[in-house]
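Thanks for coming. I have one structure to go through today, and I will keep to what can be computed from the coordinates.

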Protein chains: 2
Amino acid sequence: VRQDRPVSDNEPIFDLLALLALEKLGDDRFRGQSNPDTLTRVFGGQVAAQALIAASATVAPDRPVHSLHSYFLRPGDPSTPIDYEVERLRDGRGFSARRVSARQHGKVTFTLAASFHVPERAVLTHAATAPPVPRPETLPTLKELIAPHLDKLPKFLRKRELPVDIRPVQGYGDQFRLWSGKPAEKVDKDIIWFRSNGALPEDPAVHVCVATYVSDLMALDAVLLWHNDYSDTSTANRVLGRTDIAMASLDHAMWFHEPIRADEWVLYETTSPAAGLGRGFAVGRMYSADGRLLVSLAQEGLFRSQES
Amino acid sequence: VRQDRPVSDNEPIFDLLALLALEKLGDDRFRGQSNPDTLTRVFGGQVAAQALIAASATVAPDRPVHSLHSYFLRPGDPSTPIDYEVERLRDGRGFSARRVSARQHGKVTFTLAASFHVPERAVLTHAATAPPVPRPETLPTLKELIAPHLDKLPKFLRKRELPVDIRPVQGYGDQFRLWSGKPAEKVDKDIIWFRSNGALPEDPAVHVCVATYVSDLMALDAVLLWHNDYSDTSTANRVLGRTDIAMASLDHAMWFHEPIRADEWVLYETTSPAAGLGRGFAVGRMYSADGRLLVSLAQEGLFRSQES
């Protein structure tokens, strides 16, 4: 079905799928590993995706996840496994609810609650529609945008391979356009296309987890959009955020309005309604290639001066 | 300080404040009562506010709540007390996190996680601004809009007194305008002004809890906006939602970007990006009277045909 997309077995999507293959420790207890090239702390999207796959493993397959709410409590240590414990809050006729605690070194590092729902006949149906943007095939990949500027990136980022093909539309990736002498202007939304590098298994939980993983890659970047100086093409690094600012995810919430396929093109837009008091808030939406809203999300982050 | 607003001791705001005065059962365990005029199920905003005040009672007062994430798991029984148990997930230098379980009849009816943060020097500050709307003083109250139409309302609603003064701006309350022969047109946002009926104690946690309570009053109404038939002035009851549709809150998340005073005018707008498969999703914002974004929120609801 996907003849246009040869799947090679050394693509980073397989690293991501490996991260989602949790070890079962016992009833409702699972163990996950971290990506070996992770640096000082575990990537939030990885923990959220692992916790969600742990919760999903305890729920009947006829009820897909429709929402998740999570908090990042402590930085994850990539050198040691993460243990996930699932609490079965409820199994009703139409809904199941789970709470997951991720633990390392005896402490809760992350907590997630998720709800699962047997799809019902809709009495009301509507959906916001995607903004008009160029098709992904007409856009360069993030990798192509970055390639001429690898020497300007921190060393650990140069060899970073993402499990998804990202096609920046606006905002996200503009710094590389500027560095290449192409125009970029102030916008209030980051927009990208993404899809997995290679086809994914059919299991809908895997698609949701890949979308969760990707969502955490760039949600907080939208907070920086308001403060980007497009006249300065040297200092700002839009992929990591401003180099003088350290940021960390505080929470992450997602609502899955419809099934999502993460190996087909997804349009992902984020914006930031507010920042202050050391925090910044971002909201996002994911649309199908034909413009239907599939996912809403919200994330708050901590923004501190790198010096502090 | 509020000479313009005489506080009478029989206003419903005192019922709400009484609901927030939880009984302390032991370390991190609290008991709450429900409003005696509650009908078949406990109002979600009451449970969320009580769980939040329980969590706040276990956190140092120098760190106000900045976000909450919650799930409604089972309908609350108004005839029996609700027990709240707080788990201390973390007390760090800058942040505290709590998880609260509400129980009735031995079952978890509601779960909330909340995060508290010592405000920091902001390295980034921005905020969305409020839409241009008429000042609250120029608008009729919800009570005044309803008054001529009490006979059309279900009996239990006729005597309902809200703890807040609501001034509908658009969407919310339009049905009563239509019934009075005034024009109303299709809009994509519900907008109201609200403030407590009477001054509130200084404790910032009380203001946050009142805002939480109010937010749950109308968030899901925005899902119905897309489907309202403004040519039919007889059947739709916009305060309760369409009479042929039963709705229930599934979750509730809020982000408090800045301190909010619920006894000063707050502009509250909600809209719905998507509905389908039996669910509807709404997002909202609360602004100060001078137009600064104070609160963001998101809520998903279950929408079923009344016949089912």
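Let me begin with a helix contact in chain A. On the helix 1 side we have Leu16(A), Leu17(A) and Leu20(A), and they meet Val206(A), Cys209(A), Val210(A) and Tyr213(A) of helix 6 of chain A. Please keep in mind that this is a predicted model.

How do the axes of these two helices, residues 12-20 and residues 204-218 of chain A, cross? They come within 11 Å of each other, and the crossing angle is roughly 110°. Angles from 65 to 115 degrees count as roughly perpendicular, so that is the label for helix 1 and helix 6 of chain A. The crossing of this pair is right-handed.

Some totals for chain A, as background. The chain has 7 helices and 14 strands. Of its 308 residues, 60% count as buried. If we take the contacts in chain A with a separation of 6 or more, 73% of them come from residues 24 or more positions apart.

Now to chain B, and to strand 9, residues 190-196. Is this strand of chain B enclosed or open to the outside? 7 of its 7 residues are buried, so strand 9 of chain B is largely enclosed by the rest of the structure. The burial holds on both faces: one side carries Asp190(B), Ile192(B), Phe194(B) and Ser196(B), and the other carries Ile191(B), Trp193(B) and Arg195(B).

Which strands pair with strand 9 of chain B? One is strand 8 of chain B, residues 164-170, which runs antiparallel to strand 9 with 6 bridges between them. Within that pairing, Asp165(B) has Arg195(B) as its bridge partner. Another is strand 12 of chain B, residues 266-276, also antiparallel, over 5 bridges. There, Asp190(B) is bridged to Thr270(B).

Phe194(B) comes up again in the nonpolar cores. The largest core has 64 residues, and those that touch the most other members are Tyr84(B), Ile166(B), Phe194(B) and Met286(B). Helix 6 of chain B, residues 204-218, gives the largest share of this core, with 10 residues. There is also a second, separate core of 63 residues, with Leu22(A), Ala51(A), Ala102(A) and Tyr268(A) among them. As a general point, nonpolar side chains in soluble globular proteins tend to be buried together.

To recap: in chain A, helix 1 and helix 6 are roughly perpendicular, and in chain B, strand 9 is covered on both faces. That is what I had.

Methods:
Residues are numbered from 1 along each chain as its sequence is written. Chains are lettered from A and ligands numbered from 1 in the order in which they are written. This is a predicted model: local features need pLDDT of at least 70, side-chain atom pairs count only at pLDDT 80 or more; totals for chains, interfaces and linings use all residues. Side-chain values use heavy atoms; hydrogens and water are left out. Buried means under 20% relative accessible area, exposed over 50%, partly exposed in between (1.4 Å probe, protein chains only). Helices (H or I, at least four residues) and strands (E, at least two) are DSSP runs, numbered from the N terminus. Two strands pair if DSSP finds at least two bridges between them. A nonpolar core is a set of buried Ala, Val, Leu, Ile, Met, Phe, Trp, Tyr and Cys residues joined through side-chain atoms within 4.5 Å. Axes are lines fitted to C-alpha atoms, for helices over the stretch in contact, and angles run from 0 to 180 degrees between N-to-C directions. Angles under 35 degrees count as roughly parallel, over 145 as roughly antiparallel, 65 to 115 as roughly perpendicular and the rest as oblique. A crossing is left-handed if the near helix is turned anticlockwise from the far one by less than a right angle, and right-handed if clockwise. Contact means heavy atoms within 4.5 Å.
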